[in-house]
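Please read these notes with the model open beside you. They are meant for a first reading and go through the structure point by point.

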Amino acid sequence: MQGKRYAAIVLSAGKGTRMNHSVPKQYLMLEGNPVLYYSLLAFQKSLVHEIILVTGEDEIGYCQKEIVEKYGFTKVTEVVAGGKERYHSVFCGLETLKKGGRMPDYVMIHDGARPFVDGGTIARCAQAVEKFQACVAGMPIKDTIKIADGALFAKETPDRKYVWQIQTPQVFEFLLIYEAYKELLDWEKAGKPVSVTDDAMVLEVTCNKKVKLVEGSYENIKITTPEDLRLAKAFFPDIWGMGGFSNTEK
């Protein structure tokens, strides 16, 4: 990690329709601060050199004033508007870094609605990406998984030790993921169907690149539903309230 430049793209453009709340999930309050605050704080304390915050076009002013400036997130260098889909928003962040003339060696892409990413996860991902070029945080699943057929009958039971639930950050050599996203958007412009659910999948479908799995934590949940918010309040003392974040800033 010595001498390598890292950037983080934090995504905060979702509407959070499954939360059944008028306020987007990333701005809901968790123990006195917006959920997004904790995601940004984790990277502010980490080894990354700068953060690009991607949000809705109508929320740029709010994020700049009420989150970045209010909490003193000095590593957030730009707040930019995202796009229609998640992959459009990620590319907006990548383009901002590339056009800004400060292209990093590696980029960490993280969901703003994951407030419990910790320093250990960020450090493990940084170590892995320098060896494997691409990695994602995740954890082995605890439950038995069934693959269903079209009629919703159990068709297959994969070996649990090979099934992981994937989280963020997802971390890549910058040019590798930039070119993969560029190709994906070229497919879209050409009318080819595009269906990707995370950044690793962009690499998988465009260049068949293998992505290393890195241990995150079971607490690194994405707040998507009201149940998730209640769970986050239960996790909070262990992660933030008692100094559970491991500071890896260098």
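1. Some wording first. A residue is called buried when its relative accessible area is under 20%, exposed when it is over 50%, and partly exposed in between, using a 1.4 Å probe and protein chains only. The model is a predicted one, in which local features need pLDDT of at least 70, side-chain atom pairs count only at pLDDT 80 or more, and totals for chains, interfaces and linings use all residues. Residues are numbered from 1 along each chain as its sequence is written, and side-chain values use heavy atoms, with hydrogens and water left out.

2. The sheet. Helices (H or I, at least four residues) and strands (E, at least two) are DSSP runs, numbered from the N terminus. Two strands are said to pair if DSSP finds at least two bridges between them. Seven strands form an open sheet with mixed pairing, in the order β5-β4-β1-β6-β10-β7-β11. At the edges stand β5 (76-81) and β11 (212-215); each has a single partner strand, so one side of each is left without a neighbour in the sheet. From one strand to the next, the twist averages 25 degrees. Strands of a sheet pair through backbone hydrogen bonds, either parallel or antiparallel.

3. Strand β4. β4 pairs with β1 in the parallel sense over six bridges, and Val-10 stands opposite Leu-53. β4 and β5 also run parallel, joined by five bridges; here the bridge partner of Ile-51 is Val-76 in β5.

4. Strand β7. Does the rest of the structure leave β7 open or enclosed? Six of its seven residues are buried, so β7 is largely enclosed. Strand β7 covers residues 134-140 and pairs with β11 in the parallel sense over four bridges. Val-136 stands opposite Leu-213 in β11, and Gly-138 stands opposite Glu-215 in β11. With β10 the pairing of β7 is antiparallel, over six bridges, and Pro-140 has Trp-164 in β10 as its bridge partner.

5. A helix on the sheet. Contact means heavy atoms within 4.5 Å. Axes are lines fitted to C-alpha atoms, for helices over the stretch in contact, and angles run from 0 to 180 degrees between N-to-C directions. Helix α4 (residues 119-132) packs on the sheet and touches β1 (6-12), β6 (106-111), β7, β10 (164-173) and β11; the direction of α4 makes about 135 degrees with that of β7.

6. Two helices together. Helix α5 (residues 174-189) packs against helix α6 (residues 199-207) at about 70 degrees, and their axes are 9 Å apart. That makes α5 roughly perpendicular to α6, a label for angles of 65 to 115 degrees; under 35 counts as roughly parallel, over 145 as roughly antiparallel, and the rest as oblique. Among the residues in this contact are Leu-184 and Trp-187 in α5, and Val-202 and Leu-203 in α6. By class, the contact has nine nonpolar, one polar and two charged residues. Here Ala, Val, Leu, Ile, Met, Phe, Trp, Tyr, Cys and Pro count as nonpolar, Asp, Glu, Lys and Arg as charged, and the others, Gly among them, as polar.

7. Salt bridges. A salt bridge is a side-chain nitrogen of Lys or Arg within 4 Å of a carboxyl oxygen of Asp or Glu. By this rule the count comes to six. Glu-50 forms one with Arg-5, their closest N and O atoms being 3.7 Å apart. Glu-50 is buried, at 1% relative accessibility, whereas Arg-5 is partly exposed, at 30%.

8. Salt bridges within helices. Lys-99 forms a salt bridge with Glu-95, with the closest N and O atoms 3.7 Å apart. The two are four residues apart in helix α3 (residues 86-99), and so are separated by about one helical turn. Lys-99 is exposed, with a relative accessible area of 68%. In helix α7 (residues 226-241), Arg-230 and Glu-227 are three residues apart, again about one helical turn.

9. A network. Arg-86, Asp-111, Arg-114 and Asp-199 are linked by salt bridges. Asp-111 is in strand β6 and is buried, with a relative accessible area of 7%.
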